Amino acid sequence: MTGAGVARDLSLRGLSVLLLEKGDWGAGTTGGSSWMIHGGPRYLEFDWDTTRLSTQDAGYIVSIARNLVYRVVFIIPVLPHDRNNIERMETAMEVYDRFQPLKKAHPHRRLTAEEALEAEPGLTRELIGAVTMEEWGVDPYRLVYANVEDAVAHGARALNHTRVIDLVRDAGKVIGVRYRGSDGAISEARARVVVNATGPWSPQTSGLAGLNVQLRPAKGIHIVYPHRISNFSISAESVDGRDLLMVSHAGFTLLGTTDDDFYGDLDSVDVLEDEVDYLLQAFERVFPSIRDYRPVRTTTGVRPTLFKWRRYEDELSRRFEVIDHASEGVEGFVTIAGGKLSMYRLMAEQTSDAVCRKLGHQAPCTTATTPLPGNESEMEPASELARRCAIPVLAAVKLQSRHGSRAEKVLDGGRAGRLVCRCEPMTEAELAYSAHHEQVRSLADAFRRVGLAAGPCAGAACVLRAAEVIGAELGWSASQRFEAAREFVRGAWLGRAPVMGQTGWAQEELAQGAMRGLFN
Amino acid sequence: MGRTDSLAKLALAYGVHLARRRLTRPRSQLEELLETYAPDGIRALKPAERELHPQLVGCINCGLCALAAGRIGKTRLPDLASSYMRLYARLRAASSDIVGDEADLEAAAAACPVGVPLTEVAAIVRRMTVG
């Protein structure tokens, strides 16, 4: 996310930028997040300034990406024996209310037990009261891509599935990068400044220049339910006293997250069944029917937390640091480390400021006020778009949530009315557009870009047809289309397996029957 | 220093909060809460619907219901039951989708391999699309 933000910021300032992503846009830490632009009330215990900065920047993001954000309202139930009583919880929310206007959010409300149960009948009868808190939900994949798209529109080059394999150096100065493209070819690019915005991979990337950037990577997982489980989002306390969240997004629910020091391979992070049980145990206490719902997958990511010794993972700061390595004798190389999704724009601004200082380039940052693509004008009513393009209104609503005021342009391809994914629902035209214009190179890329197979069927009903549509755009042969579908099903299985025990096997048998041959 | 400062300010806020609670009469804030977020589609389900909810959202989109109801390939209930239920907070804009939709929901429900009560799903979707 931050790399895309830096590319957008610098290209808006008139600089020539090349952005390289080793996987797909948002496929790393960003996609494994809680999908929220939040102010961080948790940080009130540690550092109010982080809360202020985070809330203020969340407000900017809400303004420039209106189609991608939606209100997420939490009920924070207070149970007997909870660490914080209702008065303490309300005090925290009263303090947080001072920051809420910065991100265009409403103040908290306090509810009695009866009122909380009326608002959210799924809560436990044992609660003694509740307070509410408002945050913003966001589609992080689209947020990354909107930044990439805008950077490209302002002259940047952006390549996904392109891995940096080395830094080009000249007498201690970093003067470029060597990279392997999606076709396997190795190329070189020269630059006056190279920015290392590789999140948890920052130590490895800086190691290519012989530098030591120290992080304390922390793994987090989420359980994904393919529908809205509760009216309101809900917080819960884990067995070890951590705050967990059940976040009701537009059409799905995220339940998480864990926070554990991670020492393994960043390119292969598995979800353990113990982690799933840890989360379910906590939510069963406040939302007793949680185990009656069928999760569809899990997600995981590794936070690039700044290093600190002698602290529990939860107590680590989410602050960030822009490091100009010139002070360590390596000129032309800047690392952005730490931080979180809600502050990506600010992180990008400060990184870009550092780059501009090095280049002697004087141009102000405009990313806080310049709308992202799709937000340049007001969106028309979804029903009007649906009528004109002969698609269900619900498909139009979803289309607008991804493309904003540019939605109709996406349907220009002539296949507007045909749905390829009924869970979402999504049209063939949008899928074809994503392959043609949005750097989709696999079905997994389409999952991230347009939500392919993100619903309850997990691809059983749409993956083969989707391979046909994308394959037609990208010139795949019949066997390539089949292989693409198989690759997607195999990859998706890794995220599904840890929650299969939760009433999912019956569906899995049906899906395997429907997709016979793809599992071999 | 930052942490000490933060905790001190929270302690002060706690004292002020307790004093205010003693001096003012609490009033219900539920109505305000629901009114504030009604435009966002939050709080759409009733307690009775909540009881049934795990079944209401159990659709796995296999398509058998649409086949049984003779509506395969169309874009209304029950073909999109799964989409409508999972996006129930955004249904107000979608009322025109299901106008005049008279699918054989009993036949569709009978064909469902995971037991989704499609008649109830349709009733909820219809209620929510009209606000």
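Which residue in S9(A) is the bridge partner of A:Tyr179? I looked it up and found A:Ser187.

Ground rules, jotted down before going on. I'm working with a predicted model, where local features need pLDDT of at least 70, side-chain atom pairs count only at pLDDT 80 or more, and totals for chains, interfaces and linings use all residues. Residues are numbered from 1 along each chain as its sequence is written, with chains lettered from A and ligands numbered from 1 in the order in which they are written.

**Sheet.** I checked strand S8 (residues 173-180) of chain A next, and five bridges join S8 to S9(A), the two running antiparallel. Strands here are DSSP runs of E, at least two residues, numbered from the N terminus, while helices are H or I runs of at least four. Pairing takes at least two DSSP bridges between two strands. The open sheet has three strands in the order S7-S8-S9 (chain A), with antiparallel pairing. S7 (163-170) and S9 (186-190) of chain A are the edges; each has a single partner strand, so one side of each has no neighbour in the sheet. I noted an average twist of 30° from one strand to the next.

**Helix pair.** Then I went to H9 (residues 382-389) and H10 (residues 393-403) of chain A, whose axes come within 8 Å and cross at roughly 115°. That makes H9(A) roughly perpendicular to H10(A) (the class spans 65 to 115 degrees). Axes are lines fitted to C-alpha atoms, for helices over the stretch in contact, and angles run from 0 to 180 degrees between N-to-C directions.

How values were computed: Parallel < 35°, antiparallel > 145°, perpendicular 65-115°, else oblique.
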